[in-house]
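Subject: The structure I promised you

Hi,

Here is the structure we talked about. Have a look at it first, then read my notes below.

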Amino acid sequence: MNESTPLLLRALNKEKLSTPPIWFMRQAGRYMPEYRKVRSKFKNFMDMCKDPDVCCELAMQPINAFSLDAAILFSDILTIPDAFGLGVEFIENKGPVFKSPIKSKDDIHNLIGFNPENLSYVYQAVANIKRALPENIPLIGFCGSPWTLAAYSIEGHSSKDFKNTINFITKNTEASHLLLSKLTDACFLYLRKQVQAGADVIQIFDSWANILDAQQLNEFSFNYIRPLITALKNDPVTSNTPVILFARNPKCNSKSILQTSADCISLYWSMNDFDHSLAIGKTALQGNLNPEILLESKDIIKKETYKILDKFKDFPGYIFNLGHGLTPDICPDKVKYLTEIVREY
Ligand code: CP3
């Protein structure tokens, strides 16, 4: 890759760079007044996701505000369960709520087939964002991991510990595996369509990896992420599209996360025992800064950011990001300050 290749793609190619590319998980969202203004025009969050022009506007907001090195598709991971007919709604202060969550083995057996065409509003958003972006800014498409999508589909709403889901997969293990394989096939078709529409990179969000113990994590999550990545690598449409894997605080050793064959591992902020030496030349790394640091003073932000940059300065292929998403209470000025000090470092 040469000097004119976008920084994000060079880092994903495991090149050592003097300045890392910068983007943020949840870079488009409620912390931005521009976002809140658009959001106020919609009663339902999903209706907003179904409008490709609005999705394009929202994805461009953080690019215009902070000159980031990548855009991420504006959508949500719960579009797939919605397309399976589970009826996803977002309720103020409660988050996602499913009208028809999965309650039994029969619900899994009777699930309608996934038709990727039902999510054409997402691919249209990808195409619109790609057209709006400058040529040197890559676009990240995404999906939830099969496990994280299954957890929401069974629990029916957000939860601290997803107790009902853990009970369900323990009692209905075989049917749970069937659900996970249906979701894996759906993720593959969905990501393939996003790449066809213009996504340059893919990120898989395993946001509820943290609720599984090491054995369950392998059985219910990584056992589906691995074949999903293999299927992407074996398909001519997606074979050259780098895949980033974000798993929230997974209870596993560094080796098992590397065995997913993701091109990049996005490190949760508390994942401090991850062995970087095992990743050198195998995968790029991303993230690791605690998003709560952005609620502190500029001095503290600088100190903590420099600690992260010191840690990864010799690593071939580091992408600057947070260890989880930006939250609504963060001030946009601090986000701007963060990008400036990373580039000055
Ligand atoms: O710039 C971006 O990243 C925007 C695109 C995006 C959204 N959600 C928009 C969104 C992405 C990549 C996501 C991923 C997503 N969605 C994840 C994985 C990332 C993570 O944080 O671990 C998860 C778990 C979800 C599910 C989800 N979506 C929840 C639990 C909620 C409600 C709670 C919350 O964080 O707001 C959402 C809603 C949501 N998705 C909002 C946005 C901007 C806020 C909705 C609003 O404005 O009312």
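Predicted model: local features only at pLDDT ≥ 70, side-chain atom pairs only at ≥ 80, totals over all residues.

Residues are numbered from 1 along each chain as its sequence is written, and side-chain values use heavy atoms, with hydrogens and water left out.

Now the overall form. A compact globule of 345 residues would have a radius of gyration near 20 Å, and the protein agrees with that because it has 19 Å (taken over C-alpha atoms; the globule rule is 2.2 Å times the number of residues to the power 0.38). Along the principal axes, the C-alpha atoms fill a box of roughly 55 × 45 × 40 Å. The accessible surface is about 14600 Å², and 48% of that belongs to carbon and sulfur atoms (Shrake-Rupley method, 1.4 Å probe; for residues, only the protein chains shown count as cover). Of the 345 residues, 58% count as buried, meaning under 20% relative accessible area, with exposed being over 50% and partly exposed in between (1.4 Å probe, protein chains only).

How many helices and strands are there? You'll find 15 helices and nine strands; these are DSSP runs numbered from the N terminus, with helices being H or I of at least four residues and strands E of at least two.

Seven strands form an open sheet with parallel pairing, in the order β1-β4-β5-β6-β7-β8-β9. At its edges sit β1 (71-72) and β9 (318-319), each pairing on one side only. Two strands pair if DSSP finds at least two bridges between them. Strand β4 (residues 139-144) runs parallel to β5 (residues 201-206), and five bridges join them; one puts Gly-144 with Phe-205 in β5. Five bridges also join β5 to β6, again parallel, and here Ile-204 stands opposite Leu-245.

Is β6 mostly covered or mostly open? Mostly covered: five of the five residues in β6 (residues 243-247) are buried. Val-243, Leu-245 and Ala-247 point one way, Ile-244 and Phe-246 the other.

- Leu-133 is in the loop between α7 (120-132) and β4. Leu-133 counts as buried because its relative accessibility is 7%. Leaving out residues up to four places away in sequence, Leu-133 touches Met-60, Ile-63, Ala-71, Pro-138 and Leu-139 (contact means heavy atoms within 4.5 Å). Ala-71 is 62 residues away along the chain, yet the two C-alpha atoms are separated by 8.1 Å.
- Val-97 lies in strand β3 (residues 95-98), and it is buried because its relative accessible area is 17%.
- Gln-216 belongs to helix α11 (residues 214-234). Its relative accessibility is 15%, so Gln-216 counts as buried.

Cheers
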